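Take a look at the model below. This report covers its pockets and its aromatic pairs.

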Amino acid sequence: LLLLSVICSPQNYPLYIRSVPTENELKFHYTVHTSLDVVDEKISAMGKALVDQRELYLGLLYPTEDYKVYGYVTNSKVKFVMVVDSSNTALRDNEIRSMFRKLHNSYTDIMCNPFYNPGDRIHSRAFDNMVNSMMMQVC
Amino acid sequence: SRELFVLTYGALVAQLCKDYEKDEDVNTCLDRMGYGIGVRLIDDFLAHSAVKKCRSYSETADMIAQVAFKMYLGVTPSVSCNSAAGNEFSLILDKNPLVDFVEELPAERASLCYCNLLCGVIRGALEMVHLAAEVTFLQDRLKGDAVTEIGITFLRKAEDRKHKRN
């Protein structure tokens, strides 16, 4: 089960948080916050080496006993983080990648909306529907 | 490219919204800008399309929908006549490229006519061929209606008025 999706701005504050189910939210928020450190570490480590080959998908950030955290960062330093339940072993890497790609595409659609200011929290209905359907699909 | 144009139009509307507090002011401003574009665009349209003179209002409305919209926006609205007198027409757009990226109007801008520029363009262009018309949005998908409908009402010809004066 996909527990949590978060989009963070380049300044590391959250633009969008959606979790299913909604109990224990604070614990997940804390997890995502700590995982941002791991994301930053990965970006800086790879950046100095071959910048051309740096991938957007960061993969498994770190596993804990209950859940796994995956990360994805865009070239504009917007970070996507997903927390998945460890019991869900059926979820393959490709599926995670495609989910991040869908998130990224929907995010660029939001950016093109002239009434959206970068750095605002995301309040779009279409985006909510997309994330809901994506998370429901995995449950 | 189409995307650059759509994004530019969006930035224009967003900037106007920041400049003016009231929706009516933004709508008026868009209409005025559209008018300025229309009076200039008509010559470009006539030069590139080489259409013959329209003999009736319904031919004019068809021309706007099938030739002009196709040329500049890439869509062809359907035309319907609204009045028995034959001077009120509707252009029904089921696909409007200008609002591709706008999902819905922000809550505080509920009466904004996002594409009001189009109304001004049509009005300005018609005036340069001596056809006075009123052009407004009858339905707008961004406001929750099913389709976007632009209403064109042809008023008495400006030429007739000139003749009567002499």
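How many residues line the second largest pocket, and which lie nearest its centre? There are 22 lining residues, and A:I110, A:N113, A:H123, A:S124 and B:E103 lie nearest the centre.

First, some ground rules. This is a predicted model, in which local features need pLDDT of at least 70, side-chain atom pairs count only at pLDDT 80 or more, and totals for chains, interfaces and linings use all residues. Residues are numbered from 1 along each chain as its sequence is written, chains are lettered from A and ligands numbered from 1 in the order in which they are written, and side-chain values use heavy atoms, with hydrogens and water left out.

**Pockets**

Rolling a probe the size of a water molecule over the atoms shows where empty space is left. On a 1 Å grid over the protein atoms alone, a pocket is an open set of points where a 1.4 Å probe fits, with protein on both sides within 12 Å along at least five of seven lines; lining residues have an atom within 4 Å of a point. A volume is the space filled by probe spheres set on the points, which are joined across faces, edges and corners.

| Pocket | Volume | Lining by class |
|---|---|---|
| Largest | about 910 Å³ | 26 nonpolar, five polar, five charged |

The largest pocket is lined by 36 residues, and B:I42, B:F45, B:I64, B:A125 and B:L126 are the closest to its centre. In chain B, α1, α2 (23–49), α3 (57–72) and α4 each give two or more residues to this lining. Seven residues, the largest share, come from α3(B). Helices (H or I, at least four residues) and strands (E, at least two) are DSSP runs, numbered from the N terminus. For the second largest pocket, α2 and α3 (125–138) of chain A each supply at least two lining residues.

**Aromatic pairs**

Rings of Phe, Tyr and Trp (its six-membered ring) pair if their centres lie within 6.5 Å; planes under 30 degrees apart count as stacked, over 60 as edge-to-face and the rest as tilted. The whole structure has eight aromatic pairs over all chains. A:F80 and A:Y107 make an edge-to-face pair, 5.8 Å centre to centre with 85 degrees between the planes. A:F80 sits in strand β5 (residues 79–85) and A:Y107 in helix α2 (residues 93–112) of chain A, 27 residues apart. Both A:F80 and A:Y107 are buried (under 20% relative accessible area with a 1.4 Å probe, protein chains only; exposed is over 50%, partly exposed in between). A:Y72, A:F80, A:F100 and A:Y107 form one aromatic cluster.

How values were computed: Ala, Val, Leu, Ile, Met, Phe, Trp, Tyr, Cys and Pro count as nonpolar, Asp, Glu, Lys and Arg as charged, and the others, Gly among them, as polar.
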